[in-house]
Amino acid sequence: MIRTPQVIDFFCGAGGFSEGFRQQGFDVVMGIDNWPVAIKTHNLNHNLTDQVKDVLDFGSSIDEINKLPDTEIIVGSPPCVLFSLSNKGGKADKTLGIDLIISFLRVVAVKKHQPASKLVAWFMENVPNSKKSINPTYTFRELKLEEWATNHKIDPDEIALKGSENGNILNTADFGTSQKRERFVCGEIVSTGKFPDLTAFISKKHRSIGEIKRKMPAPNIGCSKQVYTDPNYSFLKFTAEDITDHFYDSGIYESQWKDALAAKQNHPYMGKMSIPENEDKPSRTIMATRSASTREALIYKSEYDRKGDGEYRLPTIREIATLMGFPYSYQFSGGENNKWRQIGNAVCPHLSSALAKSVRLSMRLQIIHDSEIKFNLLSKEIPDITNLNTFSEAKFDKPPQKNPKAKFRRHPFKDGNMTVALTNFNPKAPASTAEKEIKWCSSVFLGAGKDFKIKSIRKSGYRRLARLIKSQHRTQGTKFINEFDKRFEKAIGNTHKFQDAYVGRDISETFEPRRLIEDIGQFILQNEPEEKQMIIPNLIPGKERIPTRQVFAMYAINRIIS
Ligand SMILES: C[S@@+](CC[C@H](N)C(=O)[O-])C[C@H]1O[C@@H](n2cnc3c(N)ncnc32)[C@H](O)[C@@H]1O
């Protein structure tokens, strides 16, 4: 009898890659990962007992490779952080990432070329940026297999595997996941030597966040026996009380969502993003780090009727798992941040299923239809697994504390291809000095791209600015200056109190610099004259016409730090 085709999953993490193959009837026989939390999740959902293991071990030892079971399928998704654009501006050291890829491909090459090989297909997944670091092809020598090749009477300079040449950038939203997530996937169906054509598995329509959320119970309802259909699997039904990691209050503090708001809607050089998320579209990519205050943060309106703290919330763990395509039956080990990391790291099961279907077809096996998928229904109480459900509302009494030296940079508005910013570091100083001392500065950032120019406004530069404003806008300018000085009297010259207020050591709102910049912006917009531009030679190099509100902002920000 032909055995059920087996899969070994390298860098298995929580097991998104495994899950797509499992749903398509493959037998996941081993997961390899060096992170205990992830191995625990993988073991639990795939009925395995694997121990943590370093993939680099296979880079140095053929014995280690020979000890691995011979499976029909090998999949692997090496850690993408080493190739992510966000990592050190894309300049991170990629050596470890490449070593991990080579160690993985070495296993694939041995399993493919060994006598009586069982290998039917292999796949490797990573972020799109990794494509540049993957060779189009790999010889045995390049995979450090020259001795192995010679022993097997193969020329070490022969191509062992195709790399980036045999791959595509795929968007998981095309395969039914309600998330735009682009990933580079390469590999082959061994019998054809090619990456499979997945067009038959592409869905006609992208699914939106709203479509998913409307099918899920709201996270603020009490314990209930109402039955819900899994938004991704219409044949999987769960009573609300059995849905884990969903019924808790993921509300965030006002300071967090305001930071996110500034980063998403008033970024110095990047476009606007909606807050809360636009629920008519698929979700943006779910990142590995759970964050509430950055541009990447996924922010929903809370179901609790609150203003300020808790007005917005992050998705629950079950919501992001569902946006990734994990079924309700899938359980994650660890606390909230570790659960998030495992999910944000994962390969979407829908994408993995499409690959699995292509393998089934190549093996002349029937594709498993949605109604036939078998789910691994785990018991409700699993020892050592924390269910985040609390069924209660959060108290917002522990505001997040920032690093006491946290950097600050904020501007009231963008206009005229420039921003006027308050910073707690000298933006012109080299990064190393800027990190050491807190020095409140006012500067003009010119240009809309990453390569902006900076013009610092020296302390007490506000005097010259006041003269310019008064001379060009006699009545309104004078009124603005007098009223500004009155309104912001307490903040003016008190920069020594700003940092404490910013990092949360002092909860005074008068000196909280984010609040100050917001108030200054509003004050200027309420008091700016009709004339939208001022002509000022010799203030900003190469820029004679300056938006009036930006000149007012230069005055205002320089005034408070003087
Ligand atoms: C992109 S994630 C894998 C996601 C997983 N395939 C899924 O679908 O859920 C990368 C994984 O590689 C693991 N990893 C990183 N370095 C490793 C190493 N040297 N050996 C084994 N695993 C490693 C990480 O712990 C992480 O779980």
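Reader: Why does threonine 548 count as buried?
Author: Its relative accessibility is 0%. Buried means under 20% relative accessible area, exposed over 50%, and partly exposed in between, with a 1.4 Å probe and protein chains only. Threonine 548 therefore counts as buried.

Reader: What kind of model is this, and how are residues numbered?
Author: This is a predicted model, with residues numbered from 1 along each chain as its sequence is written. Local features need pLDDT of at least 70 and side-chain atom pairs count only at pLDDT 80 or more, while totals for chains, interfaces and linings use all residues, and side-chain values use heavy atoms, with hydrogens and water left out.

Reader: Which residues is threonine 548 in contact with, leaving aside its neighbours within four places in sequence?
Author: They are His473, Pro529, Glu531, Lys532, Gln533 and Met534. Contact means heavy atoms within 4.5 Å.

Reader: In which helix is threonine 548 found?
Author: Threonine 548 is in α17. Helices are DSSP runs of H or I with at least four residues, strands are runs of E with at least two, and both are numbered from the N terminus. The protein chain has 17 helices and 19 strands.

Reader: How do you know how α13 and α17 cross?
Author: Two packed helices are described by the angle between their axes and the distance between the axes. The axes of α13 (residues 462-472) and α17 (residues 548-561) come within 9 Å and cross at roughly 145°. Axes are lines fitted to C-alpha atoms, for helices over the stretch in contact, and angles run from 0 to 180 degrees between N-to-C directions.

Reader: Which residues meet there?
Author: From α13 come Tyr462, Leu465, Ala466 and Ile469. From α17 come Val551, Phe552, Met554, Tyr555, Asn558 and Arg559. Eight of the contact residues are nonpolar, one is polar and one is charged. Here Ala, Val, Leu, Ile, Met, Phe, Trp, Tyr, Cys and Pro count as nonpolar, Asp, Glu, Lys and Arg as charged, and the others, Gly among them, as polar.

Reader: How do α13 and α14 pack?
Author: Their axes are 5 Å apart, at an angle of about 145°. Ala466, Ile469, Lys470 and Gln472 of α13 touch Arg474, Gly477, Thr478 and Ile481 of α14. That contact divides into three nonpolar, three polar and two charged residues.

Reader: What makes a nonpolar core, and which residues of the largest one touch the most other members?
Author: A nonpolar core is a set of buried Ala, Val, Leu, Ile, Met, Phe, Trp, Tyr and Cys residues joined through side-chain atoms within 4.5 Å. The largest has 45 residues, of which Phe484, Met554, Tyr555 and Ile560 touch the most other members. Helix α17 gives the most to this core, with nine residues. A second, separate core has 34 residues, including Ile32, Ile102, Ala149 and Ile154.

Reader: What makes α2 mostly covered?
Author: Helix α2 (residues 36-46) has 11 residues, and nine of them are buried. Among them are Val37, Ile39 and Leu44. Their cover includes β1 (6-10), α1 (16-23), β2 (27-32) and α10 (336-345).

Reader: Why are cysteine 12 and cysteine 186 called buried?
Author: Cysteine 12 has a relative accessible area of 5%, so cysteine 12 is buried. Cysteine 186 has 1%, so cysteine 186 is buried too.

Reader: How many disulfides are there?
Author: The count is zero. A disulfide is a pair of cysteine sulfur atoms within 2.5 Å.

Reader: What share of the protein chain is buried?
Author: Buried residues make up 55% of its 562 residues.
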